Amino acid sequence: MTVSRIKLGSQGPEFSRFVAGFWRALDWNKSDQDMLTFIEQNIELGITTMDHADIYGQYQCEAAFGRALKLNPELRSKIELVSKCGIKPAFDCTPDRYVNHYDTTMQHILYSVEQSLQNLGTEQLDLLLIHRPDPLMNADEVAEAFAKLQQSGKVKHFGVSNFSASQFSLLQSRLDFELVTNQIEISPLNMQSLHDGSLDYCQQHNIAPMAWSCLAGGDIFTAQTEQAIRLREVLVRISKELGADNMDQVIYAWLLALPVQVLPIIGSGRIERSRTTVLSEHIKLDRQQWFSIWQASMGHSVP
Amino acid sequence: MTVSRIKLGSQGPEFSRFVAGFWRALDWNKSDQDMLTFIEQNIELGITTMDHADIYGQYQCEAAFGRALKLNPELRSKIELVSKCGIKPAFDCTPDRYVNHYDTTMQHILYSVEQSLQNLGTEQLDLLLIHRPDPLMNADEVAEAFAKLQQSGKVKHFGVSNFSASQFSLLQSRLDFELVTNQIEISPLNMQSLHDGSLDYCQQHNIAPMAWSCLAGGDIFTAQTEQAIRLREVLVRISKELGADNMDQVIYAWLLALPVQVLPIIGSGRIERSRTTVLSEHIKLDRQQWFSIWQASMGHSVP
Amino acid sequence: MTVSRIKLGSQGPEFSRFVAGFWRALDWNKSDQDMLTFIEQNIELGITTMDHADIYGQYQCEAAFGRALKLNPELRSKIELVSKCGIKPAFDCTPDRYVNHYDTTMQHILYSVEQSLQNLGTEQLDLLLIHRPDPLMNADEVAEAFAKLQQSGKVKHFGVSNFSASQFSLLQSRLDFELVTNQIEISPLNMQSLHDGSLDYCQQHNIAPMAWSCLAGGDIFTAQTEQAIRLREVLVRISKELGADNMDQVIYAWLLALPVQVLPIIGSGRIERSRTTVLSEHIKLDRQQWFSIWQASMGHSVP
């Protein structure tokens, strides 16, 4: 039993339905060998798409992944590498920065991709995303940077992250090819994209969004807000009804039920978590279960 | 003197400017004969468009209407029947449902239309609306259901209700024909659609919206909120200025003054109410009167 | 050293990057000769675009400008005249009005332009704007009025002010020519247009917005809100870093850094203000400086 695969857009890459996210990879304290094992175990599960960003782990996560990959270079052809650029945080390791900011200039995009390629130890990214909508984004300039990266073969496909419909539409208007995804936050604790037109736009334009923070960074399990308490009560009930292993599976099944093809990112470094998570593809919520979660999140019934 | 008629869309049905709404029809406690009389009196007034939904009166309203229609089947050709589907409330009569939810699957749409046709005692709906935007709506599936219903002749035209501009645009993108209306809430107590782009979208795409809850369910006349008190003061003043019979007429005239052709739904079962309401077509607010109502609703002058 | 020039739209007028605004012109208490001098001094600086509206100064500003222009009629060919219509305020001088309202009927638009032409003492406006989005705007009627004004040569180009993206899109859909601008409020104290899709829309459609109230009517310098206090602290710091003459220059440089070509309106009647303001074209904020102002306005870092 392996996870299904999704083709993004009409020309887009084929990704695994679940994506392994390396945002917190440094916190996992894995040796290079352990990281390699983790990657291999993901591939065995069918999770071949690996989500990175230049800035993850204060610019260290890509390199950690790269060192692991170097131990078994043949793996590169079995995975799809996603990275992002455009944020310049004021990290300890970047003393020249005193304020978190964005940079979507050609110069920074090209520089960032070079760094990502080098750190990951690969010659091509399968997908590059603009990490955040930048109020200073010159869409023509980003388009030119994308074109350069495509022509040089350094990046195969392009997308965005956390963009609104109007921001997506703006950048798309300057491109000869399709942006293949918008990576956005979706969880039962954060349903904004269901109501602000973001997912309507995705469905209309056949865009499969990637979803980050599907478990709201763990808040669904631990937060003592009324919303989180209501949600846990419903998630526990539905877990039992469906014979699920845990609440996580119900949450992921809830996401997969959306009419757009969501690709959830799994942020855990424990392969057991991934193993149970991917089983959620085979869990089908009925509409009453799905709307019970919606209702628990909103605190009121649908109108 | 009879109400005017509006052609919805370029191919759309011709409806009466005012629509009789049967949401509360069970509360009217009419015998079948009285209901028939009420329908006939509406037709005499020129109100030929009759607004239903599968769920009204806990699924009983359409049948009540149908029994009346059966007493004079020739009336069918003199009226336009609108119904809706997509909501599955947890009514007492639906013990298998424990949560209000939506269902816009092909199966449910087709099933619901069959029920509406049978209950109304007709072979064709003039217009079918998706009752509420469903976060689980698969636009392709709805489009396929609509196509089937059109081909079989069971439904002539299609539209939506309570959809945002992005939701309308999504569903329209999958159809070969025009959605002919968006039935939305508009009243001096709820002017959201005037400011959130919904009516801009309607005007741009030449969509005549139907308006529900034009009197805010009576709140305009009874609520003790500052907004309602402000509104009544202004409505009374304008009623006098225009020699209107009551505040209702001023409210409907205010709606009819919008640059989109709004078709207000009258929700009353008393034909005298309809008689005075339709006279509002001949009441013209000047711009100061119109904006006095806007200002009373908002609590501040236009900027 | 003179201010640069911007071509609005593909066919649009060529305007000076900074625009002289005559909203408060009556408060300046200038004689006709002083007003003429002020206009000439603006032209010397390269500020050739002059922003008016029918209603400014309770309908007196255009006439004051016109009297000055009459003293040196040759200036007309050296400037671009912008005016607006569509607001009908309840001024002391308009005793027939008891409520502020809008009027975008053909009749009022044509009447208002006639008045503006007469008051300004010119035969043609370079640009006419609809001053505010009017919920009663019939886009077909406005389009017809614009066409008449264009054909008669009374107005060369058309635009809007304070319109949302959907309102702009609506009116544009009825026109054979491009709306060349949307005049909107942009300042570090009011960044709404950066986040609500307005500027995304402008960039996508290559619309150069004019910006009013760039200094928030002086609130940036005087308000005791936490936001204003935070902003002043940052603006003072950046002024020093860049060797700017004052905070104003930093604010204008911040606006000019946006990826759309903003044309700021200078509302002062003191030519020294304009002289220092136009120097901001040569001040380049780096991204950390730009985002420091963003952060001070929002009260939090970018996500």
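## What buried area tells you here

Buried area is the accessible area, taken with a 1.4 Å probe, that two parts lose on being put together, summed over both. In this predicted model, chain C and chain A bury about 2000 Å² between them, with 52% of that on carbon and sulfur atoms. On the chain C side, C:Gln204, C:Arg287 and C:Gln288 lose the most area to chain A, and together they account for 35% of what that side buries.

The model scores ipTM 0.96 and pTM 0.97. Chain A has an average pLDDT of 97, and 100% of its residues score at least 70; pLDDT is the predictor's confidence in each residue, from 0 to 100.

A word on conventions: residues are numbered from 1 along each chain as its sequence is written, and chains are lettered from A in the order in which they are written, with ligands numbered from 1 likewise. Because the model is predicted, local features need pLDDT of at least 70 and side-chain atom pairs count only at pLDDT 80 or more, while totals for chains, interfaces and linings use all residues, and side-chain values use heavy atoms, with hydrogens and water left out.

## Where chain C meets chain A

Counting contact as heavy atoms within 4.5 Å, 22 residues of chain C touch 25 residues of chain A. There are two salt bridges between these chains, a salt bridge being a side-chain nitrogen of Lys or Arg within 4 Å of a carboxyl oxygen of Asp or Glu. C:Arg287 forms a salt bridge with A:Asp134, and their closest N and O atoms are 2.8 Å apart.

Chain C and chain A also share 16 residue pairs in polar contact, both residues at pLDDT 80 or more. A polar contact is a pair of N or O atoms within 3.5 Å; within protein, one must be able to donate a hydrogen and the other to accept it, and residues adjacent in sequence count only if both atoms are side-chain atoms. Helices H8 (198-204), H10 (226-242) and H13 (287-298) of chain C each supply at least two residues of the side that touches chain A, where helices are DSSP runs of H or I with at least four residues, numbered from the N terminus. The largest share of that side, eight residues, comes from H13(C).

## Where chain A meets chain B

Here the contact takes 22 residues from chain A and 25 residues from chain B. The area buried between chain A and chain B is about 2000 Å², and carbon and sulfur atoms give 52% of it.

Two salt bridges link chain A and chain B. In a salt bridge with an N to O distance of 2.8 Å, the side chain of A:Arg287 meets that of B:Asp134.

## How the copies are related

Copies are superposed by least squares on the C-alpha atoms of residues with pLDDT of at least 70 in both. Chain A is superposed on chain B by a rotation of 120° with 0.0 Å of shift along its axis, at RMSD 0.0 Å.
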